[in-house]
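Here is a friendly briefing to read alongside the model.

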Amino acid sequence: MTTPVELEFWFSDQDAADAIAEEVMAVFHQVDRNMSRYREDSELSILNLHAADKPVKVSPGLFQVLEKAEEVSELSGGAFDVSFGSVGYLYDYRAHQQPSEDDIRSRLGHIHYQDVILDKAEHTVFYRQKGLLIDLGGIAKGYAVDLGIERLVRAGVRHARLSAGGDLRLLGDKRGNPWIVGVRDPRSEDRSAVVLPLENVAISTSGDYERFFINDQGERVHHILSPGTGKSVRGVQSVTIIGDNALTTDGLSTAVFVLGPEKGLEMIERLPGIDAIIIDDKRVMHFSEGLAPPEK
């Protein structure tokens with residue numbers, strides 16, 4: 001999944017713990033095989049190849065992720081849109097390549113989440129237009145983290161920390177104390193912008209520092225693209241979302257990044273059990289009411 005995975009948990013038997021860890025890692029390999037845009041043989045790649053010709057039956061896991069993507073798209077008025085891959089596939093961050101204005105314009109009309117038709121009865125997916133491509137980079141890691149936590153719970157684990165890139169789930173507390181989670185300063189790998197004591201939650205961070213390069217004009221070209229422009233979103237450096245499950249927080253962190261501080265917080269305040277921390281491009285921190293200090 002082109003991201004490091006970290007797992008920390010307590011278990012009484014070392015051999016059993018090793019087996020549990022292997023089982024959790026197997027979850028990530030399976031999600032990668034199903035949902036990676038970088039594998040030609042992934043279920044996602046096959047879907048992108050054929051779904052504009054006819055409805056394609058997909059696995060329950062992929063369908064669940066697409067359903068959640070649709071939900072977040074509706075909530076955010078299209079700020080989150082997995083069909084951004086229609087333009088996003090033209091970027092190569094490792095090679096420091098971005099598409100021309102003409103290339104973006106020619107494919108921008110393919111970004112339209114409402115053209116991804118989900119048939120819940122048949123578990124099929126159909127693209128209403130050719131040229132539409134889905135990229136699940138903004139939501140699939142959260143799904144994998146949730147599946148990993150499910151495996152840990154089934155194995156009897158009660159205290160755990162599981163992360164994949166910017167997506168994290170905490171199972172229980174840290175054996176009597178809260179887990180201490182630092183939200184990275186977007187402009188410093190070694191410094192936290194804020195530190196939170198947390199337990200039994202999911203937390204996802206989207207930042208303009210995850211995959212980026214500086215182009216010849218001195219602009220930061222990063223992987224969080226606006227569905228409206230096909231270009232990197234401006235005005236925000238990072239967004240952190242706290243909630244019950246990583247599938248939701250992963251999608252919402254991207255949605256809020258695209259919406260920006262004002263509209264993003266408006267959306268978050270409508271969602272029970274969800275909180276947000278936003279660091280804008282002036283390095284000002286904004287946070288939802290649920291994280292505000294109590295009034296004296």
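Buried means under 20% relative accessible area, exposed means over 50%, and partly exposed lies in between (1.4 Å probe, protein chains only). This is a predicted model, in which local features need pLDDT of at least 70 and side-chain atom pairs count only at pLDDT 80 or more, while totals for chains, interfaces and linings use all residues. Residues are numbered from 1 along each chain as its sequence is written, and side-chain values use heavy atoms, with hydrogens and water left out.

**Nonpolar cores**

- A nonpolar core is a set of buried Ala, Val, Leu, Ile, Met, Phe, Trp, Tyr and Cys residues joined through side-chain atoms within 4.5 Å.
- The largest such core has 62 residues, and those with the most contacts inside it are Leu 47, Val 125, Ile 134, Leu 136 and Leu 152.
- A second, separate core of 12 residues includes Leu 170, Leu 196, Val 201 and Ile 242.
- Contact means heavy atoms within 4.5 Å. Setting aside residues up to four places away in sequence, Val 125 touches several residues, among them Leu 47, Ala 51, Phe 63, Leu 66, Val 116 and Leu 118.

- Helices (H or I, at least four residues) and strands (E, at least two) are DSSP runs, numbered from the N terminus.
- Ala 164 belongs to strand E5 (residues 160–164) and is buried, with a relative accessible area of 0%.
- Beyond its neighbours within four places in sequence, Ala 164 is in contact with Thr 3, Pro 4, Val 5, Phe 28, Lys 141 and Val 145.
- The C-alpha atoms of Ala 164 and Gly 176 are separated by 24 Å, with the two residues 12 apart along the chain.
- Thr 248 sits in helix H7 (residues 246–259) and is buried at a relative accessible area of 12%. Not counting residues up to four places away in sequence, Thr 248 touches Lys 68 and Ile 274.

**Salt bridges**

- Side chains of opposite charge can pair when their charged atoms come close. A salt bridge here is a side-chain nitrogen of Lys or Arg within 4 Å of a carboxyl oxygen of Asp or Glu.
- A search of the whole structure finds 17 salt bridges.
- Arg 105 pairs with Asp 102, and their closest N and O atoms are 2.5 Å apart. Because they are 3 residues apart in helix H5 (residues 101–108), about one helical turn separates Arg 105 and Asp 102. Both Arg 105 and Asp 102 are exposed.
- Asp 115 and Arg 128 meet in a salt bridge through their side chains (3.0 Å, N to O). This pair links distant parts of the chain, 13 residues apart: Asp 115 is in the loop between H5 and strand E3 (116–119), and Arg 128 is in the loop between strand E4 (124–127) and helix H6 (140–154). Asp 115 counts as buried, at 11% relative accessibility.
- Salt bridges that share partners join Asp 32, Arg 39 and Asp 41 into one network. Within it, the closest N and O atoms of Asp 32 and Arg 39 are 3.3 Å apart. Asp 32 counts as buried at 15% relative accessibility, whereas Arg 39 is partly exposed at 28%.

**Cavity and pocket**

- On a 1 Å grid over the protein atoms alone, a cavity is a set of points where a 1.4 Å probe fits but cannot get out; a pocket is an open set with protein on both sides within 12 Å along at least five of seven lines, and lining residues have an atom within 4 Å of a point.
- Grid points are joined across faces, edges and corners, and a volume is the space filled by probe spheres set on the points.
- The structure holds 1 cavity of 30 Å³ or more, and about 70 Å³ of space lies in the largest cavity.
- Leu 66, Ala 69, Glu 70, Ser 73, Val 82, Tyr 113, Val 116 and Leu 118 line the largest cavity. The elements giving two or more residues to this lining are helix H3 (60–75) and E3, with H3 supplying the largest share, 4 residues.
- The second largest pocket has a volume of about 170 Å³, and its lining includes Tyr 91, Glu 101, Ile 104, Lys 231 and Arg 234.

**Backbone with positive phi**

- His 123 has phi near 55°, a positive value in a residue other than glycine. His 123 is in the loop between E3 and E4 and is partly exposed, with a relative accessible area of 26%.
- Asn 200 also has a positive phi, near 55°, and is found in the loop between strand E8 (192–198) and strand E9 (202–207).
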